[in-house]
Amino acid sequence: MSRVGRMPIPVPQGVSVALEGASVTVTGPQGSLARRVPAGITVDQDGDVLVIARADDEREQRALHGLTRSLVANMVTGVTQGFAKELEIVGVGYRATARGPQSIELALGFSHPVVVDAPEGITFEVPSPTRIVVRGIDKELVGQVAADIRKVRKPEPYKGKGVRYAGERVLRKAGKAAK
């Protein structure tokens, strides 16, 4: 049995879980998330605990067991606390400017500013010109939006300029050797 898959998921107060066929809907104080469960995987509710089970021990079912448990646990965490991903901007003249909670403008050394609009359920915060915080209740979507922002100007290995995750270490290369 999957070590991850067999762990029960505690459902906190104020969170309701609706199980309808192959779909799971989790509603909490932050919002609501829904996801389809793969065939052969079942989600059952025992009071204030969710239990994920699989039909057999086939290789695909074993792989989906732990994955489904993690995805449902992230849904419960998302509707109660939410998720955030922090990005840092490094470089002279590189900065971010908030254009409301749904849009940011990035000056990253291009001849034009880059405007990034947030998809539904995502908000941006710019606590300082070199920091961006991406917030939302869907962990997958928060990570994807942060990765898309980082992709605009990845950190380069010579001077380290660009957009990076908070705490990310960029391996630096030596420049040209002088004669």
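Predicted model: local features only at pLDDT ≥ 70, side-chain atom pairs only at ≥ 80, totals over all residues.
Colleague: How many residues does helix α2 have, and how far does α2 reach?

Modeller: Helices (H or I, at least four residues) and strands (E, at least two) are DSSP runs, numbered from the N terminus. The expected span of a helix is 1.5 Å times one less than its number of residues. Helix α2, residues 139-152, has 14 residues and reaches 21 Å from its first C-alpha to its last, close to the expected 20 Å.

Colleague: Which residues of α2 are buried?

Modeller: Buried means under 20% relative accessible area, exposed over 50%, and partly exposed in between (1.4 Å probe, protein chains only). In α2 the buried residues are Val142, Val145, Ala146, Ile149 and Arg150. Seen down the axis of α2, these buried residues fall within an arc of 140 degrees, so they line one face of the helix; the arc is that of the directions from the helix axis to the C-beta atoms. The face turned away from the buried side carries the exposed residues Glu140 and Lys151.

Colleague: How are paired strands to be read, and in what order do β1, β5 and β6 form a sheet?

Modeller: Strands of a sheet pair through backbone hydrogen bonds, either parallel or antiparallel. Here, two strands pair if DSSP finds at least two bridges between them. The three strands form an open sheet in the order β1-β6-β5, with antiparallel pairing. β1 (9-10) and β5 (41-46) stand at the edges, each with a single partner strand, so one side of each is left without a neighbour in the sheet. Two bridges join β1 to β6 (residues 49-54), and Pro10 stands opposite Val49 in β6.

Colleague: Which helix lies across these strands?

Modeller: Helix α1 (residues 59-80) lies across β1, β5 and β6, running at about 160 degrees to β6. Axes are lines fitted to C-alpha atoms, for helices over the stretch in contact, and angles run from 0 to 180 degrees between N-to-C directions; contact means heavy atoms within 4.5 Å.

Definitions and conventions
Residues numbered from 1 in each chain as written. Heavy atoms only, no water.
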